[in-house]
Amino acid sequence: MKKVIAIYPGSFDPPTNGHLDLIERGSKIFDELIVAILRNPDKNPLFSLGERRAMLEALTADFKNVRVDVFDGLTVDYAARVKAGAVLRGIRALSDYEYELQMAMMNRKLQPDLETVFMMPAEQYSYLSSRLVREVAKLGGSIQDLVPEMVERRLREKLDPAIKLQDARKMKPGKRA
Ligand SMILES: Nc1ncnc2c1ncn2[C@@H]1O[C@H](COP(=O)(O)OP(=O)(O)O)[C@@H](O)[C@H]1O
Ligand SMILES: [Mg+2]
């Protein structure tokens, strides 16, 4: 039987439990899954490509059929280079659907043999995005349970002042953590 390689492209700035949920699901249905970080000159990322790659590699180390890569240019061209037959994308809510459908249709036009496969994360991650995680962390809110501990730590290091404030609040007696 033919092996199906899938790519899971995205920004992963930073990786969240929603991403990891999808990676785990994807690793079960594809023979090989490549988590592909897009080098996007339009976005000004919080974490460098190297930092995101290192985090994703550590977080996916236990999945033997998952590897991490970086790419730029068209997703369809990258897929062809690594001989992928499918693109994995996550759909959280209806709001994701329209944009994802557009992308999938455009990619199909560019490369008819490449299939886009959508998966839904576990319910508790359906409201979770990297952008929200960055915003909440910057304002000193708790992102526990939304990102792996390693990512929480890296965010803490990067956003030192805000996180310190949060820790100080937690210490105050009588206040909810
Ligand atoms: N909480 C989540 N649950 C499921 N899928 C998610 C979640 N967050 C992001 N994704 C999916 O992961 C992929 C990469 O997302 P992201 O890192 O935001 O990069 P992009 O810039 O391509 O949106 C997208 O398909 C997105 O829908
Ligand atoms: Mg996104």
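This is a predicted model: local features need pLDDT of at least 70, side-chain atom pairs count only at pLDDT 80 or more; totals for chains, interfaces and linings use all residues.
Local features need pLDDT of at least 70 and side-chain atom pairs count only at pLDDT 80 or more, whereas totals for chains, interfaces and linings use all residues. Residues are numbered from 1 along each chain as its sequence is written, and side-chain values use heavy atoms, with hydrogens and water left out.

Two aromatic pairs were counted (rings of Phe, Tyr and the six-membered ring of Trp, centres within 6.5 Å; planes under 30 degrees apart stacked, over 60 edge-to-face, the rest tilted). Tyr8 and Phe12 pair edge-to-face, at 5.2 Å centre to centre and 80° between the planes. Phe71 and Tyr78 are stacked, with values of 4.7 Å and 25°. Both Tyr8 and Phe12 are buried (under 20% relative accessible area; exposed is over 50%, partly exposed in between; 1.4 Å probe, protein chains only). Phe71 is likewise buried, at 3% relative accessibility, as is Tyr78, at 2%.

The model contains 13 salt bridges (a side-chain nitrogen of Lys or Arg within 4 Å of a carboxyl oxygen of Asp or Glu). Arg39 and Asp72 form one of them, at 3.2 Å from N to O. Because Arg39 and Asp72 lie in separate loops, the pair ties together parts that are 33 residues apart in sequence. Arg39 is partly exposed at 43% relative accessibility, and Asp72 at 39%. Arg53, Glu57 and Asp69 are linked in a salt-bridge network.

Methods: Chains are lettered from A and ligands numbered from 1 in the order in which they are written. Helices (H or I, at least four residues) and strands (E, at least two) are DSSP runs, numbered from the N terminus.
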